[in-house]
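This report looks at a few local features of one protein chain. Please keep the sequence and the structure at hand while reading.

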Amino acid sequence: MSKLVLQTQEILKNRILKAIEAAVADGELADGAVPEFIIEKPANKLNGDYSTNVAMAGARAFHKAPRMIAESILSHLDLDKTLFERAEIAGPGFINLFLSQKYYGEILKDVIACGDGYGRSDYGEGKRILVEFVSANPTGPMHIGNARGGAIGDCLASVLDWAGYEVKREFYINDAGNQIEKFGLSLETRYLQHFDSGVEMPEDAYHGADITEHAENYIAEYGDRLLGLDSAERRRALVDYALPKNIEGLERDLGRYRIKYDNWFKESTLHNDGSVERVIAALKDRGVTYEQDGALWFKASEYGNDKDIVLIRANGLPTYIVPDIAYHYNKLVTRGFDRAIDVLGADHHGYVPRMKAALTALGVDASRLDCVIMQMVRLVREGETIKLSKRSGKAITLNTLIDEVPLDAARFFFNLREPNSHFDFDLELAAKQSSENPVYYVQYAHARICSIIKKAQEQGIALREPTDEELALLSSEEERDLITHLSMLTGEIVSAAKAYDPAKITHYVIELATLFHKFYNANRVIVDDEGLMMARFYLCKAVRDTIKNILTMLKITAPEEM
């Protein structure tokens, strides 16, 4: 909601408290502590713009029937110099309040005055948040799950920024551990197969075409120089050649998806600087480990996990969880972020309690780590699930997806549902240029307003800021509904930040576009009454600017013509 909405609610609460104080002073209400009460927007507009249950909440304290309490409050309620025009009692004692026409004009002036900052707030008080998302395995191309995680994580970071947090985006590169060992084995096998077709590819290796391509490219540049080396050296050379190219590809493809990270953090850093060893030592020092069957175990079951977990295998190598613990310790302690948010796939449900258990055992407040669990996405075309790209005939990756559908649609569609819900991505709908396509529908509203303003300029209409009296002419139901919705943006962004759910913002802007189209279809903008015309152009500008702010936040274009 806008600052004006908050101020209006705060003023109303203070006036109600003063009315109670005056009623007590006049002996109409018993002297006592004023109970907690709520002020809210009624579902039914006939019940006013705001409603409060203060009379029902105060029945016990004031020793009266709620309706009698409401009458006493109302007789002492001073609405002078507020944006409310009247109040009335309803039902058992609800007090319903109705805003004056001036309120709606003030909302529009607030929107226009804030400009490209409308919707921002200081709710987060500048607290530092690190959002880690995608973090795809660098041994292969990014899949559709990464595409959804990228859109959700990037838009969540934007929402948090607009809500007043200091936000950083990070990609965690798993450039160490089992997957890199397997990557090296796979590259080596494809390399050797080039010279000896009898070499067999292990079943559990990576069989993707990208592995063969890396091996062939290496041979094209360096020939057979690796044949004389032992296996470990050969694998290391191939990984050192291919892995940087994959990471560079990840950065390039995510950049094409309009995602720019503040930091790319390598897992190998934690091994090289001793962080992994320090975490193990710290857990040992705290007495939360034990040895069994030659392995080192963490007593995770004592810290909320369903079972204990292995830290060091019997062969002396750490499990994948150890560098991950070191990484989260680095986020929250070494770098001192107030909060860390991980956007994770649906297969990570068990990962969260393990990580929180380890942080707690290390003396870190585990509530500072939040995880957004993202469900699977299914690609649909003509009602059928599809797995192959129409253009390439290969499995659909992030790159092939944005070859098939507009980039704006991809980012918008992946934020149409809350992260923890399954999602069917309709490829045909995403490419449609019609009102059925939600992102097109929103962009069309923006373009339509730009067209209205351009048409006025072509007709020689000199647009100016309307007076308060002219703004008061915006009194139709469609105009009031549109302005009321505009007033809720800041609150909706804060709500999305609290819930870690950017879908609240896509829903908000779709509803804004719907209300605008409804207003436009019911009310002509260019009319003979100059004052009303100026007020309606002002309303159009406020809607245009708000749509643009939201699309900018989501990194989606706001076209001026379509």
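The model discussed here is predicted. In this model the side chain of Asn-437 comes to 3.1 Å from the backbone oxygen of Ala-430. A polar atom of the Asn-437 side chain also lies 3.2 Å from the backbone nitrogen of Val-439.

## Where Asn-437 sits

Asn-437 belongs to the loop that links helix H16 (427-431) and helix H17 (438-458). Is Asn-437 buried or exposed? Its relative accessible area is 2%, and buried means under 20%, so Asn-437 is buried.

Apart from neighbours within four places in sequence, Asn-437 is in contact with Phe-413, Leu-429, Ala-430, Ala-431 and Lys-432. Ser-158 is 279 residues from Asn-437 in sequence, and their C-alpha atoms are 23 Å apart in space.

## Arg-411 in helix H15

Arg-411 is part of helix H15 (residues 407-413). With a relative accessible area of 1%, Arg-411 is buried.

Which residues does Arg-411 touch, not counting those up to four places away in sequence? They are Ala-151, Asp-154, Cys-155, Tyr-257, Arg-258, Ile-259, Leu-554, Lys-555 and Ile-556.

## A sheet of three strands

An open sheet is built from 3 strands in the order E14-E13-E15, and the pairing is mixed. Why is one side of E14 and of E15 left without a neighbour in the sheet? Strand E14 (384-385) and strand E15 (423-426) stand at the edges, and each has a single partner strand, so one side of each has no neighbour there.

Strands of a sheet pair through backbone hydrogen bonds, either parallel or antiparallel. Strand E13 (residues 377-381) and E14 run antiparallel and are joined by 2 bridges. Thr-385 in E14 is the bridge partner of Val-380.

## The length of helix H5

Helix H5 (residues 101-114) has 14 residues. At 1.5 Å a residue they should span 20 Å, and the end C-alpha atoms are 21 Å apart, so the two values agree. The expected span is 1.5 Å times one less than the number of residues.

Several residues of H5 are buried, including Gln-101, Tyr-103, Tyr-104, Ile-107, Leu-108 and Val-111. An α-helix has 3.6 residues a turn, so residues three or four places apart point the same way. After H5 comes Gly-115, with a positive phi near 55 degrees.

Note on methods
Residues are numbered from 1 along each chain as its sequence is written. This is a predicted model: local features need pLDDT of at least 70, side-chain atom pairs count only at pLDDT 80 or more; totals for chains, interfaces and linings use all residues. Side-chain values use heavy atoms; hydrogens and water are left out. Helices (H or I, at least four residues) and strands (E, at least two) are DSSP runs, numbered from the N terminus. Buried means under 20% relative accessible area, exposed over 50%, partly exposed in between (1.4 Å probe, protein chains only). Contact means heavy atoms within 4.5 Å. A polar contact is a pair of N or O atoms within 3.5 Å; within protein, one must be able to donate a hydrogen and the other to accept it, and residues adjacent in sequence count only if both atoms are side-chain atoms. Two strands pair if DSSP finds at least two bridges between them.
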